[in-house]
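Please read them beside the sequence and the coordinates.

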Amino acid sequence: MTAEELILSQAQELRRGTVVLACLALLDEPQYGYALLETLNDAGVTVDGNTLYPLLRRLEKQGLLTSEWNTDESRPRKFYRASPEGSRVRTGLVREWQDLVTSISRLTKEN
């Protein structure tokens, strides 16, 4: 495996853990899955549908998201939104993220 391939692989691992936080951050307002997928990708949080949709179902099952079907348009869409518990978890994860960024910044400056 080349260095570039290793970097890409490790970067994917780094991003994988951030998708939950990114979703909770974006779902203060209801969004349907595909719109959320596009918003994440446009923001540089690369994720595909095969990853996002199971994640949304898991977060809903954990009580961090609520969902509601919108059938007003020709194509029904399931909208997701952070639950009150999801908002509390998001706040805690943001704090953890900020602490981690500070620690990694300190470590990389030392090296």
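1. What covers the buried residues of helix 2? The cover includes helix 1 (3–16), helix 3, helix 4, strand 2 (65–70), strand 3 and helix 5, where helices (H or I, at least four residues) and strands (E, at least two) are DSSP runs numbered from the N terminus. Six of the eight residues of helix 2 are buried, so this helix is largely enclosed by the rest of the structure; the buried ones are Val19, Val20, Leu21, Ala22, Cys23 and Leu24. Buried here means under 20% relative accessible area, exposed means over 50%, and partly exposed lies in between, with a 1.4 Å probe and protein chains only.

2. A word on the basis of these notes. This is a predicted model, in which local features need pLDDT of at least 70 and side-chain atom pairs count only at pLDDT 80 or more, while totals for chains, interfaces and linings use all residues. Residues are numbered from 1 along each chain as its sequence is written, and side-chain values use heavy atoms, with hydrogens and water left out.

3. The overall layout comes next. The protein chain holds five helices and three strands, which follow the pattern α-α-β-α-α-β-β-α along the sequence. Its C-alpha atoms fill a box of roughly 55 × 35 × 20 Å along the principal axes, and buried residues make up 24% of the 111 residues. Among contacts (heavy atoms within 4.5 Å) with a separation of 6 or more, 45% are between residues 24 or more positions apart.

4. Not counting residues up to four places away in sequence, Cys23 touches Leu36, Leu40, Leu52 and Leu55. In soluble globular proteins, nonpolar side chains tend to be buried together.

5. Arg90, in helix 5 (residues 84–110), is buried, with a relative accessible area of 15%; leaving aside neighbours within four places in sequence, Arg90 is in contact with Leu21, Leu24, Ala25 and Asp28. Ser83 is found in the loop between strand 3 and helix 5 and counts as buried at 5% relative accessibility, and, with neighbours within four places again left aside, Ser83 is in contact with Gly63, Leu64, Leu65 and Thr66.

6. A search of the whole structure finds one aromatic pair, a term that covers rings of Phe, Tyr and Trp (its six-membered ring) with centres within 6.5 Å, called stacked if the planes are under 30 degrees apart, edge-to-face if over 60, and tilted for the rest. The rings of Tyr32 and Phe79 have their centres 5.5 Å apart and their planes at 70 degrees, so the pair is edge-to-face. The pair links distant parts of the chain, with Tyr32 in strand 1 (residues 31–32) and Phe79 in strand 3, 47 residues apart. Phe79 counts as partly exposed, at 23% relative accessibility.
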